[in-house]
Amino acid sequence: MAFWRGPATALASLLAATSVLAADGSGTDNPALLGLEPEAIAETAPPEIFDPPLDLDWRLALRGAYELSSSGGAFTAIAAPEFTLTHQALNTDLAVSGASELVTSDTGESRISSLTLGADGRYQLGALSHLDGTLDLSLTQSKPDDPSLPANTAIAPVIFGGDAGASFTQGLGMFEGTLRGSLGRSIHGETTLDDSSTIDNSAENDWRVGAGARLGYKLTPLLTPFIDGGVEWQRFDAPSPSLLVYLDALTYTAKAGVSYRHDTTLSAEAAAGIAWRDYTDPSLTDAAGFTADASVTFRPSETLTLDASLDTALAPSELTPGDTVTSYVAAGSATYIVNPWITLRGSAGWSSEHTLGTGDVTTIASVGAGLDYKVTDHAALTADYAFSRTDAPPDPVEDTQAISVGVKFLR
């Protein structure tokens, strides 16, 4: 027995040493021993894996609605299909979504109130850098009695909107920098009146080109203060019909803020600063305004999601020729899954337009509530209520209420 004890002990020691070497990375697979830089390996994007290539999700909502306002009540039938295509690979996240809403009123009028197509993607260049891109296309048409249209409108204009953006983000130790660019286009169709005459809205057609930069400092792993600056050039297709000059301008923005992110539970960002609109035509008065932007997404549990946002914009006034409007838009929503069959929804919105020269203020407030009752895995009954109030002096305050019920088919 003593004869075997020595070799057996040596063999066991050799196996243990080999196991330790393989486990702690001190063997020949250690990048440092091979003369390689671990940082360089971490920043090199690994090859893509395309399995599965695409994931399709779709739904179709059919609703009947009754809307009551100061101009009277109306029944409408609504068909609203939508889809989402997603692709996820080792370095790439891509989502393409589309939706439309076809409305038919009790008077026999049919219109596509909205048609949207969007894409959002990210490509991870390395551990500290990535590329992002967005694309948003839309076609919208309001109802003829919309408060923003002339009182004798028979057919509202069809409005096309398109925006594309790209950005590059690079981590620099505790700092993180982002460069971005954007391109936008808007086209407004003609407004048809009751007497079959038309109003040319081409003076509202425009091109937009923007660029900006952002620099953040990671104060903690969750908290990042930042500064942000940008410029956007807006070029109109035709001069203003009232002023007979182009409303082209450069808009500069500078702001500072802070962002906070805690896994998927809480994501928040807020910033404030100033915006300056510099008109190309010297006969127009340049204008400055306060700007504030914020967004919050809070998911304390798998059953509850809360969202809120605030956006600010500086643009030419559509009501007062030669003036400038600062608009603020706030929105919030909540979704609560009571059980596998019942989902509750709520929303609220507020917008305000301040005409800088005259001091006029137009305000729109809205609230809504909804219920989804899942009948099967692929069908749900829906019910919604919405209320909105428009205060646009000197016009009287207008309240609108809408109730809708329907069914939603799911993939």
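Me: Which residue in β9 stands opposite I155?

Reply: T192 takes that place, opposite I155. Keep in mind that this is a predicted model. The general idea first: strands of a sheet pair through backbone hydrogen bonds, in a parallel or an antiparallel sense. Here β6 and β9 (residues 191-193) run antiparallel and are joined by 2 bridges.

Me: What is the strand order in the open sheet that holds β6 and β9?

Reply: The order is β6-β9-β10, an open sheet of 3 strands with antiparallel pairing.

Me: Why is one side of β6 and of β10 left without a neighbour in that sheet?

Reply: β6 (153-155) and β10 (198-199) are at the edges. Each has a single partner strand, so one side of each has no neighbour in the sheet.

Me: Let me try other strands. How many bridges pair β4 with β5?

Reply: There are 12, in the antiparallel sense, between β4 (residues 110-126) and β5 (residues 129-141). One of the bridge pairs sets T116 against S138 in β5. The two strands, β4 and β5, form a hairpin with 2 residues between them.

Me: Which strand is joined to β5 by 13 bridges?

Reply: β7 (residues 158-172), which runs antiparallel to β5. Look at L137: the residue opposite it in β7 is G162. When you inspect such strands, recall a general rule. In a regular strand, side chains alternate between the two faces of the sheet.

Me: What does T312 touch, leaving out residues up to four places away in sequence?

Reply: F290, T291, A292, D293, T326, S327 and Y328.

Me: Which residues are in contact with T390, beyond its neighbours within four places in sequence?

Reply: They are T363, I364, P396, V397 and E398. T390 belongs to strand β20 (residues 379-391). T390 is buried, at a relative accessible area of 17%. For a distance, take S366: 24 residues from T390 in sequence, 8.9 Å away in space, C-alpha to C-alpha.

Me: And a loop residue? Where is L90 placed?

Reply: In the loop between β2 (72-88) and β3 (92-105). L90 is partly exposed, with a relative accessible area of 49%. From L90 to Y123 the separation is 33 residues in sequence and 9.3 Å in space, C-alpha to C-alpha.

Me: Which residues make the nonpolar surface patch of about 660 Å²?

Reply: L172, M174, F175, L215, Y217, L219 and I227. To join a patch, a residue needs over 30% relative accessible area. Take L215 as a test: L215 has 37% and counts as partly exposed. L215 sits in strand β11 (residues 206-217).

Me: Zoom out. How many helices and strands does the protein have?

Reply: There are 2 helices and 21 strands. The protein has 411 residues, and 25% of them are buried. Its accessible surface is about 24600 Å², with 64% belonging to carbon and sulfur atoms.

Me: What share of contacts joins residues at least 24 apart in sequence?

Reply: The share is 50%, taken among contacts between residues at least 6 apart.

Technical notes. Residues are numbered from 1 along each chain as its sequence is written. This is a predicted model: local features need pLDDT of at least 70, side-chain atom pairs count only at pLDDT 80 or more; totals for chains, interfaces and linings use all residues. Side-chain values use heavy atoms; hydrogens and water are left out. Two strands pair if DSSP finds at least two bridges between them. Helices (H or I, at least four residues) and strands (E, at least two) are DSSP runs, numbered from the N terminus. Patches are made of residues with over 30% relative accessible area and no salt bridge: like charges are joined within 9 Å, nonpolar side chains (Val, Leu, Ile, Met, Phe, Trp, Tyr) within 5 Å. Accessible areas come from the Shrake-Rupley method with a 1.4 Å probe; for residues, only the protein chains shown count as cover. A salt bridge is a side-chain nitrogen of Lys or Arg within 4 Å of a carboxyl oxygen of Asp or Glu. Buried means under 20% relative accessible area, exposed over 50%, partly exposed in between (1.4 Å probe, protein chains only). Contact means heavy atoms within 4.5 Å.
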